[in-house]
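Me: I'm new to this one and would like to go through it with you. Could you show it to me before we start?

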Amino acid sequence: MFTTFDRFLVRRFLHTFTVLFVTFYGLYCVIDAFTNADDFTDGDAGLSVILTRMASYYSWQSALVFDLTGPALLVFTVMISLALMVKAGELAPMLACGVPTYRLALPLLVGTGVVTGLIVANQELLLPAIASKLGAPRGGAVDGDNPTVQPVMDFSSNVIVSSGRLNLANRWIEEAEITLPVPGVVSELTVLMANRATYHPDAVLPGYDEPVAGWALTDVNARYEDLPLAPTPPGQVPIVLPINRRNPATGEAGATSELFIRTDIDFDQIHDEAQAAQVCGTPELVRRIRNPAYSGNVRHSFTVKLHERFRQPLLNLLATLVAVPLVIRREARSLVVSLAICVCVMGALMGLMQGGQLAGSVGLLPPDFAAWLPVIVAGTLATALSGKVLT
């Protein structure tokens, strides 16, 4: 049964978490705004325009910061809630009434579950929907201020997207250059230069039953008929395909300056694959793990992130159970000492999380073991420390 005192503890837990997040995010906004003030004041913008830019940018960024800092702030909220319970003298009367200490932790577990649910909803629903907003510059999208493409190779076909300028607003590449490999695709080294390249994840091309993924090139420097293409093995879809557009006057299909390059390199991989993995939903993350265009280390990193998404809710609950016996310890010298010990233990767990993520990403540990190791350690600690709790 959920009592009035339980509801009071849940409300205080959620209030504490909200205060911590607002305080931290406000500090982040102040520091970031002063550090990057020039980005907001580009052009002859007035004060109202600058404030509008800042409000728009930081409102979108709040979702990403919430995703990154939510688990850590959750741990601090648990510690503060337990400390307030001890400091306010609320613990002794409840224990004197025969209420078990871990029964008092139930409202904290409920609060942890509520916040964890918000973190998951933010990660799976909100972040994928606003991913394009998160990648926009601080001053807003500006013509001629598009980032340059860094060369990216498709490890399944050896096609290289080698140069160009990213149009973040429309998600295409301007002045794109794509290098075709020898001898797999062409008989001699060929660099295709196009005015624009647009990625299509499920393009339907005439003559092929299954949709294919790749880049549609507009105004290419070479026609399909003039390319030194190598023979395609039987049963495989060619890497380079023509986009035949019929002449509206005659209805005949002639030589074309538009090509389709079949590759699994997508726009996010070229733009910022690290942040793209952070803001995409779990189904999209699974698709990228299966994408042969990514290197082995990148797929390892994505696999670790996938396991972390299923691990984090359980780890949040275990962190609460570890914090209870550390803050409310039997024969504790003082509350300050107990909090200091709890901070050190939680810091070690977070360090283990980061170390496991790095080890799993570079292949030193299996991705599943690297992601779930903190859960094993936290569960062991919670069990071992359960006898130290004040009763």
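Reply: What follows covers a core, a sheet and a helix. This is a predicted model, in which local features need pLDDT of at least 70 and side-chain atom pairs count only at pLDDT 80 or more, while totals for chains, interfaces and linings use all residues. Residues are numbered from 1 along each chain as its sequence is written, and side-chain values use heavy atoms, with hydrogens and water left out.

Me: How many residues are in the largest nonpolar core?

Reply: That core has 45 residues, and Tyr-58, Leu-82, Cys-342 and Met-346 have the most contacts inside it. A nonpolar core here is a set of buried Ala, Val, Leu, Ile, Met, Phe, Trp, Tyr and Cys residues joined through side-chain atoms within 4.5 Å, where buried means under 20% relative accessible area with a 1.4 Å probe, protein chains only.

Me: Which helix gives the largest share of this core?

Reply: α3 does, with 12 residues; helices are DSSP runs of H or I of at least four residues, and strands are E runs of at least two, numbered from the N terminus.

Me: Switching topic, what is the strand order in the open sheet?

Reply: The seven strands run β1-β2-β3-β4-β5-β7-β6 with antiparallel pairing, and two strands pair if DSSP finds at least two bridges between them. β1 and β6 stand at the edges with a single partner strand each, so one side of each is left without a neighbour in the sheet.

Me: How many bridges join β5 to β7?

Reply: Four bridges join these antiparallel strands, and Gly-214 stands opposite Arg-262 in β7.

Definitions and conventions: Buried < 20%, exposed > 50% of the residue type's maximum accessible area, 1.4 Å probe, protein only.
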